[in-house]
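Student: I would like to go through this structure by question and answer. Please keep it brisk.

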Amino acid sequence: MAGVVLHFLPPYCPDANRIERAWLDLHANVTRNHRCRTLLKLMRRVHAYLHARNAQRRASPILRKVHLRRAA
């Protein structure tokens, strides 16, 4: 157990939990105020968004910086 360090997290801590930030980002960009008439259309948008987000994260750091500069 020498190399293990335990970090206390409160029951709800969105700043320290990466999945909370991902859900917040998904909600802000896809599901909030959507106008999809069916759940299938909404799920297609969710999948497309997550696919694009994952592709961006896999891109090289140089490409990510260029993308971020364009968005600013």
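Student: Which side chains meet in a salt bridge?

Tutor: This is a predicted model, where local features need pLDDT of at least 70, side-chain atom pairs count only at pLDDT 80 or more, and totals for chains, interfaces and linings use all residues. Residues are numbered from 1 along each chain as its sequence is written, and side-chain values use heavy atoms, with hydrogens and water left out. A salt bridge here is a side-chain nitrogen of Lys or Arg within 4 Å of a carboxyl oxygen of Asp or Glu. At 3.2 Å, N to O, the pair is Asp25 and Arg53.

Student: How many residues apart are Asp25 and Arg53?

Tutor: The search of the whole structure finds 1 salt bridge. The pair links distant parts of the chain, with Asp25 in helix α1 and Arg53 in helix α2. Helices (H or I, at least four residues) and strands (E, at least two) are DSSP runs, numbered from the N terminus. The separation is 28 residues.

Student: Is Asp25 buried or exposed, or partly exposed?

Tutor: Buried means under 20% relative accessible area, exposed over 50%, and partly exposed in between (1.4 Å probe, protein chains only). Asp25 has 26% relative accessibility. Asp25 therefore counts as partly exposed.

Student: Which residues of α1 are buried, and why do they line one face of the helix?

Tutor: Seen down the axis of α1, the buried residues fall within an arc of 35°, so they line one face. That arc is taken over the directions from the helix axis to the C-beta atoms. Their cover includes α2. The buried residues are Ala22, Leu26 and Val30.

Student: Which residues make up the largest nonpolar core?

Tutor: A nonpolar core is a set of buried Ala, Val, Leu, Ile, Met, Phe, Trp, Tyr and Cys residues joined through side-chain atoms within 4.5 Å. The largest has 5 residues in all. Two or more residues each come from α1 (18-31) and α2 (39-58). The members are Leu26, Val30, Cys36, Leu42 and Val46.

Student: Leaving aside neighbours within four places in sequence, what is Val46 in contact with?

Tutor: Contact means heavy atoms within 4.5 Å. Val46 belongs to the largest nonpolar core. With those neighbours left aside, its contacts are Leu26, Val30 and Thr31.

Student: What pattern does the protein follow along the sequence?

Tutor: The protein has 3 helices and 0 strands. Of its 72 residues, 8% count as buried. Read along the sequence, the pattern is α-α-α.
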